[in-house]
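Let's take a walk through this model together, one piece at a time. Keep the sequence and the 3D view open as you read.

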Amino acid sequence: NITRLAKEYVKTIKASDADAGINKEIRYELIDLIDFLEINQRSGELFVLNTTMLDRENPSDSVIRIKA
């Protein structure tokens, strides 16, 4: 269980769909479970929930897979 600190905004993920109506709605989700990240399913806004998990002792690059 991680300590909940203030969320820190990272980026807004954008996807598009040529469909119309309800089929045009896009939902976002993290494919890989990453404890310290959260994505808003409707807006695509990505947040870090615990910035202490972003440690420079760890690799500086990460791959985050998101499904839209």
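Start with β1 and β4, which pair in the antiparallel sense over 4 bridges. Two strands count as paired if DSSP finds at least two bridges between them, and the strands themselves are DSSP runs (E, at least two residues) numbered from the N terminus. Within this pairing, Tyr9 stands opposite Phe47 in β4, and Lys11 stands opposite Leu46 in β4. Before going on, a word on the source: this is a predicted model, where local features need pLDDT of at least 70 and side-chain atom pairs count only at pLDDT 80 or more, while totals for chains, interfaces and linings use all residues. Residues are numbered from 1 along each chain as its sequence is written, and side-chain values use heavy atoms, with hydrogens and water left out.

Now look at the other side of β4. There, 3 bridges join β4 to β3, again antiparallel, and Glu38 has Phe47 as its bridge partner. The hairpin of β3 and β4 has 5 residues between the strands, and Gly44 there takes a positive phi near 80 degrees. Put together, 3 strands make an open antiparallel sheet in the order β1-β4-β3. At the edges are β1 (8–12) and β3, each pairing on one side only.

What kind of aromatic pair do Tyr9 and Phe47 form? Theirs is edge-to-face, with 6.0 Å centre to centre and 75 degrees between the planes. (Rings of Phe, Tyr and Trp, the last by its six-membered ring, pair if their centres lie within 6.5 Å; planes under 30 degrees apart count as stacked, over 60 as edge-to-face and the rest as tilted.) The two partners are 38 residues apart in the chain. Tyr9 is partly exposed, at 45% relative accessible area, whereas Phe47 is buried, at 15%. Buried means under 20% relative accessible area, exposed over 50%, and partly exposed in between (1.4 Å probe, protein chains only).

Finally, there's the largest nonpolar core, with 8 residues: Tyr28, Leu30, Ile34, Phe36, Leu37, Ile39, Leu46 and Val48. Both β3 (37–39) and β4 (45–48) supply at least two residues each to this core. Such a core is a set of buried Ala, Val, Leu, Ile, Met, Phe, Trp, Tyr and Cys residues joined through side-chain atoms within 4.5 Å. In soluble globular proteins, nonpolar side chains tend to be buried together.
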